[in-house]
Protein chains: 4
Amino acid sequence: MITRDFDIRVRYKETDAMGVVHHSNYAVYYEQARTEFLRSFGATYRELEQRGVMLPVSEVTMKFYKPARYDDMITVRITLPELPAVRLVFDHEVYNAQGELLNTGRVVLAYIDATTRRPCRAPADHIDLFREWF
Amino acid sequence: MITRDFDIRVRYKETDAMGVVHHSNYAVYYEQARTEFLRSFGATYRELEQRGVMLPVSEVTMKFYKPARYDDMITVRITLPELPAVRLVFDHEVYNAQGELLNTGRVVLAYIDATTRRPCRAPADHIDLFREWF
Amino acid sequence: MITRDFDIRVRYKETDAMGVVHHSNYAVYYEQARTEFLRSFGATYRELEQRGVMLPVSEVTMKFYKPARYDDMITVRITLPELPAVRLVFDHEVYNAQGELLNTGRVVLAYIDATTRRPCRAPADHIDLFREWF
Amino acid sequence: MITRDFDIRVRYKETDAMGVVHHSNYAVYYEQARTEFLRSFGATYRELEQRGVMLPVSEVTMKFYKPARYDDMITVRITLPELPAVRLVFDHEVYNAQGELLNTGRVVLAYIDATTRRPCRAPADHIDLFREWF
């Protein structure tokens, strides 16, 4: 299991008429944090795409407890619960600056061969980036 | 159980660099379809808000099978699986014009008193709009 | 000069904490209306892309007079002020259901060869779609 | 005249099927940079809102020269060309990591009294934050 924290500042555009962050934006925050998580291990979506591997989202589950508001600095805590194989699973917890848990989410991504558009195994050297933690 | 279909045309803005609709947009399509679903029963979010009742999203679950692309006409099939009480549950299935199932999603909304910001029961006349179907 | 009207229903996601539509969304509404405008003449962005012609936005000018709110039905009135050549110019006026002018915008798109990524002339048969109006 | 630079990392969600950042997102990047610009002078939108002053956008002009792509680190250079009075004008230039100019934009915001919804002067102490630079 690996856990990392990433901070994101809430934009005005991300609020809605209830005065809080619209729920759909958390899927975007999760994705931004995943990008930074992968980067911190020397991996990038962009490099995977250039190697012909796509990582589309296959499942999203989100539970909402408290809202975030404009200009809040929120922390996305990402956990990689298992070593990647044919899928890549991320758990996310979002906290506000007071340490309150705002929401939790699990996102499952599938490794897809960009040519055949079929599921494939993650590249071996990509898996190796995370191996020492499991 | 009540089921209704609503059509949505995919906007260019909703695609991403994979050439398909970004997964976070489905939460927005579901919401748009819910608005039309409620309107078809004579209820509106807007009117609920004016009566001091908010309906924030408390849970979202989405599973993705196939992508949609720019300018696709997609159909969101909404099912109300239970009579509203303290929560409002919607199931969504999204189809493309060829009738292929693109994704499914469940969204749970909570009735909240706008003054106290605490959970409340749905207004009785709001529940009555759906009663004959259950 | 050609003018056409297209209706769009404001989504909850498009509002912000001021309770009104966030200004950036009008660029998206304009784009959606342009898609429908072109379709009404038998042209589509998608078909242009398949023929190797891209139409990126090169300029946007927007002036805002009044806000739109959640669930408003707004009308985007599009005018094509000149026959397309190396660029495609659209003027947009947005009205609410009371006929009040909410904002105006001009968007200039450039025809780009998808292979060379350089400016090109619009395909002749694409220009011909609009010729009788000028 | 005051100039400040702010960095933003492009999110996957912000790309479109052309493989580049959708033009409407630049209005959001500009806004995020304005928030940070104001914060660097000890002012915040949030605090203005709490004092009953709103700052809706009244005009946006954007010109696009080159695209940004997923995961690019872009720099928004903001210039405040004049001391705020009844309006607040910002000029924006966006550069990529190679120092290439991607686009430029001017945004004009209006100070609005939240109670009367009419134009008003900026609060005197708000103007004073910028006075020494003009």
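The model is a predicted one. R117(A) sits in the loop between β7 (112-113) and α3 (124-131) of chain A. Its backbone stands out: phi of R117(A) is near 60 degrees, a positive value, and the residue is not a glycine.

R117(D) has a positive phi of about 60 degrees without being a glycine. The residue lies in the loop between β7 (112-113) and α3 (124-131) of chain D. R117(D) is exposed, since 10 other C-beta atoms lie within 10 Å.

## Chains C and A

Chain C superposes on chain A with an RMSD of 0.0 Å. In chain C, D16(C) has the C-alpha nearest the axis, 1.9 Å from it.

The contact draws nine residues from chain C and nine residues from chain A. On the side of chain C that touches chain A, three residues are nonpolar, four are polar and two are charged. Of the interface residues of chain C, 100% are also interface residues in chain A, so the copies meet through the same surface.

## Chains B and A

Chain B also goes onto chain A by a rotation of 180 degrees. The shift along the axis is 0.0 Å, and the RMSD is 0.0 Å. T61(B) is the residue of chain B that comes closest to the rotation axis, with its C-alpha at 2.2 Å. Here, too, the same surface serves both copies: 100% of the contact residues of chain B recur in chain A.

## Helix α1 of chain B

Helix α1 of chain B covers residues 25-40. At 1.5 Å a residue, its 16 residues should span 22 Å. The end C-alpha atoms are 23 Å apart, which agrees with that expectation.

Several positions in α1(B) are buried, among them the aromatic residues Y26(B), Y29(B), Y30(B) and F37(B). The buried set also includes N25(B), E31(B), R34(B) and T35(B). A27(B), A33(B) and L38(B) are buried as well. After the helix comes G42(B), whose phi is positive, near 85 degrees.

Ten strands from chains C and D form an open sheet with antiparallel pairing. The order is β1(C)-β4(C)-β5(C)-β6(C)-β3(C)-β3(D)-β6(D)-β5(D)-β4(D)-β1(D). In that order, β3(C) stands beside β3(D). The edges are β1 (2-9) of chain C and β1 (2-9) of chain D, each of which pairs on one side only. Neighbouring strands of this sheet are turned by 20 degrees against each other on average, direction ignored.

Within chain C, strand β4 (residues 73-80) pairs with strand β5 (residues 87-95). The pairing is antiparallel and runs over five bridges. For R77(C), the bridge partner in β5(C) is E93(C).

Notes
Residues numbered from 1 in each chain as written. Chains lettered and ligands numbered in written order. Predicted model: local features only at pLDDT ≥ 70, side-chain atom pairs only at ≥ 80, totals over all residues. Least-squares fit on C-alpha atoms with pLDDT ≥ 70 in both. Contact = placed C-beta atoms within 7 Å. Nonpolar A, V, L, I, M, F, W, Y, C, P; charged D, E, K, R; others polar. Helix = DSSP H or I, 4+ residues; strand = E, 2+ residues; numbered from the N terminus. Buried ≥ 20, exposed ≤ 12 C-beta atoms within 10 Å, placed from the backbone. Expected span 1.5 Å × (residues − 1). Pairing = 2+ DSSP bridges. Axes fitted to C-alpha atoms, helices over the stretch in contact; angles between N-to-C directions.
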